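Thank you all for coming; I would like to take a few minutes to walk through one structure.

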Amino acid sequence: MSKLSEDYTIDELMVVTLARQFTDADIMLNGTVSYIPVSAFMLARETHAPKLTWVAGAVGVDADPGYIVGNTLDPTMWKDCVMYLPQISDMWGYVHSNTLETFCIRGAQIDKYGNVNNSVIGKDYHRPKVRLPGSAGMGDMCSLHKKIYIWSTTHNPRTFVDKVDFLAAPGYLDGGDARAKLGLRNGPEVVVTDLCVMDFEPTSKRMRLKSVHRGVSAKQVQDETGFELVTPDHVLETPAPSVEEIELLRKKIDPKNMRKIEFRGSKTKV
Amino acid sequence: MAAGKENKVMSAAQAVGMIRDGDTVAIQGMGTQMSPLALVREIIKARKRNLIAAMIVGGIGLDWLIAAGCVKKVMAIIVNLDEFGMANAFRRAVEAGELMMEEYTEHQMLTRFSAGCYGLPFMTTQSGIGSAIVDLHPDTTKVIDCPFTGQKVIACRALTPDVCILHAHRADEVGNVQFFPKPIWGDVDVFPRASKKVIVTVEEIVSTDEIRRTPERTGLPYFKVDAVVPVKYGAHPCSLFPRYNFDRQVMERYAAESRTPEGTQAFLEKYVRAPRTQEDYLDLVGGSTMEARIQSFWS
């Protein structure tokens, strides 16, 4: 066990926590503005999962850009890849056949069953209070049997809502066996936020507090969540990153601090 | 209808003449890369109206078209400026009820184009089962039972745009279009093949002999291409990898100025409507300083 970091920041803890979810067997794709998951894939490859496959920008198979140069869909990410994956025949074929089984998403609204919305705020889709960018690949991945890892840099009651205004990406729908009944396998596994780590209670499929980040209490997490979290009697602290992980992230993987762009609208300062 | 082997080189203004008001236009693009933005500026100058923009990712070009009043409906999976944030004209127009956003999952949209390529009435996907997206457009996506297994699948109605507009590295005069590298996105694959007419801007025109020496780079054959327009830096301010990077300075300026409707219109006036030619435009965005700015991908 290497020495634990003492000066890590929340963005770094989120990357490390996400990285630790992935194994050598995973084949990961990434989408737009996904600095935290891309950092996590690169970190996992540098540490415990050297054989993890990352298809950069859903194009560059097993790419090795060295560090995060620009945005996560930029061609610079494809550097030293072994193949440009043709999108329709190959990429979507591997996704449908579940050769690719894992995906990371985020959104403006996430509800207690892990349903996610990044399309509109307001009840009328066609005349929304706020028009958001759109669902991109989320609606695909969440209905195509993927294990879903959700990340959010804005853990507050506006993001974590009782029910999403628009159900773009299906999590566990209304909970229980609702997802399975539609024939959808897998679903949301873990939620990593700027305050805590959560998973889903196996029977009800409700979001459950798993660990809180250093200096955060379970009560604080509940206060910042727009629904009642399943909370165990004893909530652990999120394991700290190692000195080695933090050094890799700061010096090698993301020296330009691109991941911090994701905290623009967050109360958490990084 | 197949195009012939005639010389198809023309000006951007002539090419845009192929687009009629009300047309469905498939527009290549990502947040910051590979988009036919010189043609987009020409469409705005030609005051096209009521266009339906069919895209996967809508970026800065779509936002300009919306701000200029050219678009009545968008079909896409996401509209934003990638790391530069929201597409503000898009957002304001939808919120005001002036623009219809017909949102799809990515594979629903690609499946609609694919059906269009094959001349089939529809093709199916499972992408979007359980998502409310499928219910947004009952005229184009519908959950049906597989006739063999009973599984739920989504029928996606064929999409055959009137025109497809693309930017590429190079082509010959008859319209053999080359990309290098050649990542095969839907934008350069099913977009043109499903469309009735295809307009391609290229950085340079080369001889057919040169094309014959490098056929592995050809993405579109001459019989699918109707217009070839030579436009240097035709994707600016987006990138054309690996020839030039996106222009951070112009992207940031638009992201900032488009926060208000007045700022957006002032930007359009200055950078889109005022420059008479592509050369005027390139001078305006910095000329040789701009070229230096977008030379490197690795910083």
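Predicted model: local features only at pLDDT ≥ 70, side-chain atom pairs only at ≥ 80, totals over all residues.

**Domains, contact and core**

Let me begin with chain B, for which the domain assignment gives domain 1, made of 25–103 + 161–282, and domain 2, which covers 118–157. Taken over C-alpha atoms, the centres of domain 1 of chain B and domain 2 of chain B are separated by 29 Å.

As for the make-up of chain B, eleven helices and 14 strands are found in it. Its radius of gyration is 19 Å, close to the 19 Å that the globule rule gives for 299 residues, and chain B is therefore as compact as a globular protein of that length. The C-alpha trace of chain B spans about 60 × 50 × 40 Å along its principal axes, and 54% of its 299 residues count as buried. If we take the contacts in chain B between residues at least 6 apart in sequence, 76% of them join residues at least 24 apart.

Helix 3, residues 60–67 of chain B, is mostly covered, with eight of its eight residues buried; among them are Leu62(B), Asp63(B), Trp64(B) and Leu65(B). After helix 3 of chain B comes Gly69(B), whose phi is positive, near 80°. Helix 4 of chain B is also mostly covered, since seven of its eight residues are buried, and the buried ones include Phe90(B), Arg91(B) and Arg92(B). What covers the buried residues of helix 4 of chain B? The cover includes strand 9 (130–131) of chain A, together with strand 3 (57–58), helix 3, strand 5, strand 6 and helix 9 (261–273) of chain B. Helix 4 of chain B is followed by Gly97(B), which has a positive phi, near 75°.

That brings me to the contact between the chains, which takes 45 residues from chain B and 41 residues from chain A. On the side of chain B that touches chain A, the elements giving two or more residues are strand 5 (78–79), helix 4 (88–95), strand 6 (100–103) and helix 5 (106–118) of chain B. Helix 5 of chain B contributes the largest share of that side, four residues. Sorted by class, the side of chain B that touches chain A holds 21 nonpolar, 15 polar and nine charged residues.

Turning to chain A, its division is into domain 1 (1–20 + 27–100 + 241–270) and domain 2 (103–238), and the C-alpha centres of domain 1 of chain A and domain 2 of chain A lie 21 Å apart. Between them, 20 residues of domain 1 of chain A are in contact with 16 residues of domain 2 of chain A. On the side of domain 1 of chain A that touches domain 2 of chain A, helix 1 (10–19), helix 2 and helix 3 (87–96) of chain A each supply at least two residues, and helix 1 of chain A gives the most, with five residues. The residues of that side of domain 1 of chain A divide into nine nonpolar, nine polar and two charged.

In soluble globular proteins, nonpolar side chains tend to be buried together. Here the largest nonpolar core has 179 residues, and those with the most contacts inside it are Leu43(A), Ala53(B), Leu62(B), Leu65(B) and Val200(B). The largest share of this core, eight residues, is supplied by helix 2 (residues 35–46) of chain A. Not counting residues up to four places away in sequence, Leu43(A) touches, among others, Val15(A), Val16(A), Ala19(A) and Leu248(A).

Finally, chain A has an open sheet of three strands in the order 7-6-11, with mixed pairing. Strand 7 (116–117) and strand 11 (160–161) of chain A stand at the edges, each with a single partner strand, so one side of each has no neighbour in the sheet. Strand 6 (residues 109–111) of chain A runs parallel to strand 11 of chain A and is joined to it by two bridges, with Asp111(A) opposite Val161(A).

In the loop between strand 11 and helix 5 (178–181) of chain A sits Ala168(A). Is Ala168(A) buried or exposed? Ala168(A) counts as buried because it has 30 C-beta neighbours inside 10 Å. Beyond its neighbours within four places in sequence, the contacts of Ala168(A) include Val116(A) and Asn117(A) as well as Ser131(B), Ala132(B) and Ile133(B).

Methods: Residues numbered from 1 in each chain as written. Chains lettered and ligands numbered in written order. Contact = placed C-beta atoms within 7 Å. Nonpolar A, V, L, I, M, F, W, Y, C, P; charged D, E, K, R; others polar. Buried ≥ 20, exposed ≤ 12 C-beta atoms within 10 Å, placed from the backbone. Domains from an automatic or database assignment. Core = buried A, V, L, I, M, F, W, Y, C linked by C-beta atoms within 7 Å. Pairing = 2+ DSSP bridges. Rg over C-alpha atoms; globule rule 2.2 N^0.38 Å.
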